[in-house]
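This report walks through a few places in one protein model. Please look at the sequence and the structure below before reading on.

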Amino acid sequence: MLSTQEQIKAELKAHNAVLVAHYYVDAKLQTLAEATGGIVSDSLEMARFGQNCDADTIIVAGVKFMGETAKILSPEKRVLVLDTHATCSLDEDCPIDQFSAFCDQHPDRVVVVYANTSAQVKARADWVVTSGSALNVVKHLKDNGKKILWAPDKHLGHYVQTQTNADMLLWQGACVVHERFKADALKVLKVLHPEAAVLVHPESPQEVVALADVVGSTTALINAVKNRKEQTFIIATDNGIFHKMHEIAPNKKLIEAPTMGEGADCESCAHCEWMAMNTLENCLSTLKTGNNEIFINTDIRKKAKNATQKLLDFTT
């Protein structure tokens, strides 16, 4: 009998489908995506890859908003996620009715939303940004005299605000994974490993960001492990990223930043419970059944595409 991986490969070929996976999902899915001509990347690059490939169906191993982003860029393609219940706290913390009312209260501000949001929220925005592009976009808007309404991640928003000195009004959302990182315990870990570089995703609390040698997106943190001279790294982001880091820098030591209090060791529970819902088994089931397809209202999709396209044009 064929293994689950081999069955998925056969189903991908039969349906002219491509598997795109986020850095935070199971390592077996990441390996399978690359082995079958797909990609492992951040959410926007996953969607852009799906848009530019010849596949008729895009299988998204990630969370629901990532499937929506893929559909926004590829409306003519069938987009399937592995589990429709796999969501994101940032998405959940920014319901469209409350967010739209908030925007209406501040009509003088340019609305900039992080990619970790629903299609409806993206449709309400002027710009969609990623953690890797947020600084440059906000600086551009500030240089053009714009005041900004930012959503949903307050920690990423605060980081961007401090780096650009832009006039930003912040929605108060947070990532349940990154918000758990603790500065006091990280200080203890730095003492234990003085040779280590500290890599932090900007969705983390400002006290944790302040301890970092590198603050950046998933891609930026992976590149730091690859390119920096240090041989040891303390990493404050979802531990799913370790698979790619080990792959590109097998001889370097990677330590998880602690999500417990002072006195914690290097063990951490920094893994998104919704990312963990992506498995080989539900990938195969989705391919066989065609379940979990993403649909977006045409008007919402077009508006969300406009806000997303601004970023794509800006970063090209």
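At 35% relative accessibility, Glu-34 counts as partly exposed, because that class lies between buried, under 20% relative accessible area, and exposed, over 50% (1.4 Å probe, protein chains only). The model is predicted: local features need pLDDT of at least 70, side-chain atom pairs count only at pLDDT 80 or more, and totals for chains, interfaces and linings use all residues. Residues are numbered from 1 along each chain as its sequence is written, and side-chain values use heavy atoms, with hydrogens and water left out.

Glu-34 sits in helix H2 (residues 27-35). Helices (H or I, at least four residues) and strands (E, at least two) are DSSP runs, numbered from the N terminus. Apart from neighbours within four places in sequence, Glu-34 is in contact with Val-40, Lys-244 and Glu-247, where contact means heavy atoms within 4.5 Å.

His-15 lies in the loop between helix H1 (4-14) and strand S1 (17-22). With 30% relative accessibility, His-15 also counts as partly exposed. Not counting residues up to four places away in sequence, His-15 touches Asp-56, Thr-57, Arg-78 and Leu-287. Leu-287 is 272 residues apart from His-15 along the chain, yet their C-alpha atoms are separated by 8.0 Å.

Next comes helix H6 (residues 96-104), whose buried residues are Phe-99, Phe-102 and Cys-103. They cover an arc of only 100° around the axis, so they are on the same side of H6; the arc is that of the directions from the helix axis to the C-beta atoms. The exposed residues Asp-97 and Asp-104 are carried by the face of H6 turned away from its buried side. The cover over the buried residues of H6 includes strand S5 (110-114), helix H7 (119-124), strand S7 (148-151) and strand S8 (168-170).

A search of the whole structure finds 3 aromatic pairs. Rings of Phe, Tyr and Trp (its six-membered ring) pair if their centres lie within 6.5 Å; planes under 30 degrees apart count as stacked, over 60 as edge-to-face and the rest as tilted. Two of the pairs are set out here.

| Pair | Type | Centre to centre | Angle between planes |
|---|---|---|---|
| Phe-99 and Trp-171 | edge-to-face | 5.7 Å | 80° |
| Phe-102 and Trp-171 | edge-to-face | 5.3 Å | 65° |

Both pairs link distant parts of the chain: Phe-99 in helix H6 is 72 residues apart from Trp-171, which lies in the loop between S8 and helix H10 (183-192), and Phe-102, also in H6, is 69 residues apart from Trp-171. Ring pairs link Phe-99, Phe-102 and Trp-171 into a cluster. Phe-102 counts as buried at 16% relative accessibility, and Trp-171 is buried with a relative accessible area of 13%.

How do helices H3 and H15 pack? Helix H3 (residues 43-52) and helix H15 (residues 298-315) meet at an angle of about 95°, with their axes 13 Å apart. That makes H3 roughly perpendicular to H15, a class that spans 65 to 115 degrees. Axes are lines fitted to C-alpha atoms, for helices over the stretch in contact, and angles run from 0 to 180 degrees between N-to-C directions. Leu-44, Arg-48 and Gln-51 of H3 make the contact with Lys-305, Thr-308, Leu-311, Leu-312 and Thr-315 of H15.

Conventions
Parallel < 35°, antiparallel > 145°, perpendicular 65-115°, else oblique.
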